[in-house]
Amino acid sequence: MSQNPPDLRPDLAPRAVLPSDARPGQPRIGMVSLGCPKALVDSERILTRLRAEGYAISPDYAGAEAVIVNTCGFLDSAKAESLGAIGEALRENGRVIVTGCLGAEPDYITGAHPKVLAVTGPHQYEQVLDAVHRAVPPAPDPFVDLLPASGVSLTPRHFSYLKISEGCNHKCRFCIIPDMRGRLQSRPHAAVVREAERLVDAGVRELLVISQDTSAYGVDRKDPRAIVPLARDLGSLGAWVRLHYVYPYPFVRELVPLMAEGAILPYLDVPFQHAHPDTLRRMARPAAAERTLDRIAEWRSICPDIAIRSTFIVGYPGETEAEFQHLLDWMEEAQLDRVGAFQYENVAGARANALPDHVADEVKAERFARFMEVAQRISAAKLEAKVGTRQRVIVDAVDAEGATCRTTADAPEIDGNLFIDEGFEALAPGDIVTVEVDEASEYDLWGSVVRET
């Protein structure tokens, strides 16, 4: 069976940026963080706890006395990547502790790599720390081991993921995340806001709100619309606030006025997955497909600048040519701003594996190519329409060639960029500036800084 390469998986996190400062004699731990932004946040929490106990973080295998591999188990291709990363860590270092989603299947890991020191499941922070203590005893020096108030960050200093809940209550047939991470557990509103305040105080300019189902935040606390006041309070902190993984429930329309007001970014990441109602029923998706176009139109009527991004599965079991064509027609009508897709693949333990009429690999590949051709054409037209407009952008990186930035319509890694190749010398990562768009391609923009007068 074909497997999706890492760049086609739906929600990979940026590559972890590991700090490398250590005092003489300080025990050092390495970290390999795979998978989605939610896993990256787990890695940050583990490393923050380790730093508080006197460990330094090693950016390479050679300098580490043990290595933690935070794994992904979303797809079989992700599992294969995780096993490969564990094997590499064993070869390069030899002392490996495994955690994360794939850690929910310890026999699967030890069957392939029996020499790992320990295996723990997702967000089992105490068990990870215990395993590190056994492998590399701590040696803290309270006079010099100082931990930043914001904790250890694995993303560039100017943006940070903010995880507002764990787990998920949905039972989508293609997904085993609820089995690995459990049912929805929303963090308290005040705790989320306090963390956001600390991040902004530490220099974060963009908060990327994540969870398994952001729209469901508060459902477990008998407050099904809790995401709305939370978004409002986060928007008052002065940073960009970007919402990810928002299921299109009716009350999501209450978030859109906050975007129109400028309180949060005019951006919605909505995991539609498909458009044909029969396909969605086989997926056991928790949304009514027949209403999504109406909701998209309503959101755009409230906030014309809203950017909608989504991810889709092509070649789901039982998908007919007519169902796939329905998806392409829906895409033409929906005109989504940012779109990703991946080809369906089985995941051990998922109920979709038992569905009849699995689509042949060559058909999945052909449909994927057709889907991305439509998505690319729509994206090119939408970006061409931005030429001559002014956009607010955040600077991600600056080198000798220019500045790499993102507009309000672009999340890190998964969306496009705006490049500035003239007059960028005074810019620095985290700056937010106004740019006039000069040129567009299928996914990216180029522009010039608008000088204040």
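1. Two strands count as paired if DSSP finds at least two bridges between them. Helices (H or I, at least four residues) and strands (E, at least two) are DSSP runs, numbered from the N terminus. On that basis, β3 and strand β4 (residues 96-100) pair in the parallel sense over five bridges. Gly100 in β4 is the bridge partner of Thr71.

2. Some housekeeping: this is a predicted model, where local features need pLDDT of at least 70 and side-chain atom pairs count only at pLDDT 80 or more, while totals for chains, interfaces and linings use all residues. Residues are numbered from 1 along each chain as its sequence is written, and side-chain values use heavy atoms, with hydrogens and water left out.

3. Zooming out, the protein chain has twelve helices and 18 strands. Its radius of gyration (over C-alpha atoms) is 22 Å, which agrees with the value near 22 Å for a compact globule of 453 residues, the globule rule being 2.2 Å times the number of residues to the power 0.38. The C-alpha atoms fill a box of roughly 65 × 60 × 45 Å along the principal axes.

4. Back to the sheet: five strands make an open, parallel arrangement in the order β2-β1-β3-β4-β5. β2 (56-58) and β5 (118-119) are at the edges with a single partner strand each, so one side of each lacks a neighbour in the sheet.

5. Two helices lie across this sheet. Helix α1 (residues 37-52) lies across β1 (28-33), β2, β3 and β4, at about 175 degrees to β1. Helix α2 (residues 76-92) lies across β1, β3 and β4, at about 175 degrees to β3. Axes are lines fitted to C-alpha atoms, for helices over the stretch in contact (heavy atoms within 4.5 Å); angles run from 0 to 180 degrees between N-to-C directions.

6. Worth a click: Asn70, in strand β3 (residues 66-71). Asn70 counts as buried because its relative accessibility is 2%, and buried means under 20% relative accessible area with a 1.4 Å probe, protein chains only. Leaving out residues up to four places away in sequence, Asn70 touches Met31, Ser33, Asp42, Thr99 and Gly100, among others.

7. Beyond four places in sequence, Phe312 touches residues including Phe272, His274, Met331 and Phe371.

Notes:
Buried means under 20% relative accessible area, exposed over 50%, partly exposed in between (1.4 Å probe, protein chains only).
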